[in-house]
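Please go through the structure below with the text beside it. The account starts at a single residue and widens from there.

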Amino acid sequence: MKKLFLAVCVIAGILSGNAQTKKKSKTKSKVTAAVTKATAAVKGVSLSESDIAGGLKEALNNGVTKQVTKLMAEDGFYKNDAVKILLPEELQKVDKKLRQIGMASLADEGIKLLNRAAEKAVGDATPIFVNAITGITFTDAKNILMGADNSATVYLQNSTNKPLYAKFSPTIKTSLDEVGATAVWEKIISKYNSLPLVTKVNPDLTDYTTTKALEGVYKMIAVEEKDIRTNVKSRTSDLLKNVFAMQDKK
């Protein structure tokens, strides 16, 4: 009887040990799986939809903030050859004629003041860009991320061009007055139109400057986008590194 009891105890012990071993093994497997998943996420292999959208939004916010800040500073347009606003075609002959008659300084001042008006208006862009960036869906984000080097810029341009023009135009008009551009250009155009044998001009400087200011903003955001897509050092957070690692592999 005692032998039978001992045998039963031994078997029970073995079974209990096996059960605990299986339980530990199962727990260990879960932990291993969790660690593997976490490691994969850190490496950018497995990212959630919100991660991808969040990474793209972070990149766009960084790019917009950086470039808008640069452009709205004094000489942000005027001393940046990539976006400097030059004269519209119909005024290039005005510029040339003024220089021929010794009025180069007046022509130079006219160009500078167009750029000053643009610099003054660009600060109005940020809230509109932020609103567009906030509205990016996961589908938008993934398509943008895996698209061309300027996909995000194109998305922003399509989403913001109309509201930005509506916001910029009155600001540009006011700015042209405030920085003295309106008075200078009235003087320039009046002087030119008084010359014999010239075709009189009367350009819409507000529309022209607004359009060129917008072109400059999008051009500089495109520069920033290309940089973060191609320069790993520009990815300043773990989220940016992980998200843009996905497009590196496309």
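Glutamate 119 is buried, with a relative accessible area of 4%. Here buried stands for under 20% relative accessible area, exposed for over 50%, and partly exposed for what lies in between, with a 1.4 Å probe and protein chains only. Glutamate 119 forms a salt bridge with arginine 116, and the closest N and O atoms of the two are 3.1 Å apart. A salt bridge is a side-chain nitrogen of Lys or Arg within 4 Å of a carboxyl oxygen of Asp or Glu. Glutamate 119 and arginine 116 are separated by about one helical turn, because they are three residues apart in helix H4. Arginine 116 also counts as buried, at 17% relative accessibility.

The model is predicted: local features need pLDDT of at least 70, side-chain atom pairs count only at pLDDT 80 or more, and totals for chains, interfaces and linings use all residues. Residues are numbered from 1 along each chain as its sequence is written, and side-chain values use heavy atoms, with hydrogens and water left out.

Arginine 116 has a further partner in glutamate 74, with which it forms a salt bridge whose closest N and O atoms are 3.8 Å apart. Glutamate 74 sits in the loop between helix H2 (49–72) and helix H3 (89–100), while arginine 116 is in helix H4, so the pair ties together parts that are 42 residues apart in sequence. At 62% relative accessibility, glutamate 74 counts as exposed.

Another salt bridge joins arginine 235 and aspartate 248, with 2.7 Å between the closest N and O atoms. This pair links distant parts of the chain, 13 residues apart: arginine 235 is in the loop between H9 and helix H10 (238–248), and aspartate 248 is in helix H10. Arginine 235 is buried, with a relative accessible area of 4%, whereas aspartate 248 counts as partly exposed at 42% relative accessibility. Elsewhere, salt bridges with shared partners join Glu74, Asp75, Lys79, Arg116 and Glu119 into one network. The structure holds ten salt bridges.

Both members of the arginine 235 pair also touch arginine 229. Leaving aside neighbours within four places in sequence, arginine 229 is in contact with Arg235 and Asp248, and its other contacts include Ile144, Leu145, Asp149, Phe244 and Lys250. Contact means heavy atoms within 4.5 Å. Arginine 229 lies in helix H9 (residues 205–230) and is buried, with a relative accessible area of 4%.

Two packed helices are described by the angle between their axes and the distance between the axes. The axes of helix H4 (residues 104–121) and helix H8 (residues 181–193) come within 9 Å and cross at roughly 145°. Such axes are lines fitted to C-alpha atoms, for helices over the stretch in contact, and the angles run from 0 to 180 degrees between N-to-C directions. The crossing of H4 and H8 is left-handed, a term for a near helix turned anticlockwise from the far one by less than a right angle. On the H4 side, Leu106, Gly110, Ile111, Leu113 and Leu114 meet Ala181, Val184, Trp185 and Ile188 of H8. The residues of this contact divide into eight nonpolar, one polar and no charged. Ala, Val, Leu, Ile, Met, Phe, Trp, Tyr, Cys and Pro count as nonpolar, Asp, Glu, Lys and Arg as charged, and the others, Gly among them, as polar.

Proline 203, in the loop between H8 and H9, counts as buried at 13% relative accessibility. Proline 203 and glutamate 90 are 113 residues apart in sequence, and their C-alpha atoms are 7.5 Å apart. Beyond neighbours within four places in sequence, proline 203 is in contact with Glu90, Leu91 and Ile189. Glycine 63 is in helix H2 and counts as buried at 5% relative accessibility. Its C-alpha atom and that of glutamate 224, 161 residues along the chain, are separated by 5.6 Å.

Now for the whole protein. How many helices and strands are there in the protein? There are ten helices and zero strands, helices being DSSP runs of H or I with at least four residues and strands runs of E with at least two, numbered from the N terminus. Of the 250 residues, 40% count as buried. Among contacts with a separation of 6 or more, residues 24 or more positions apart account for 82%.
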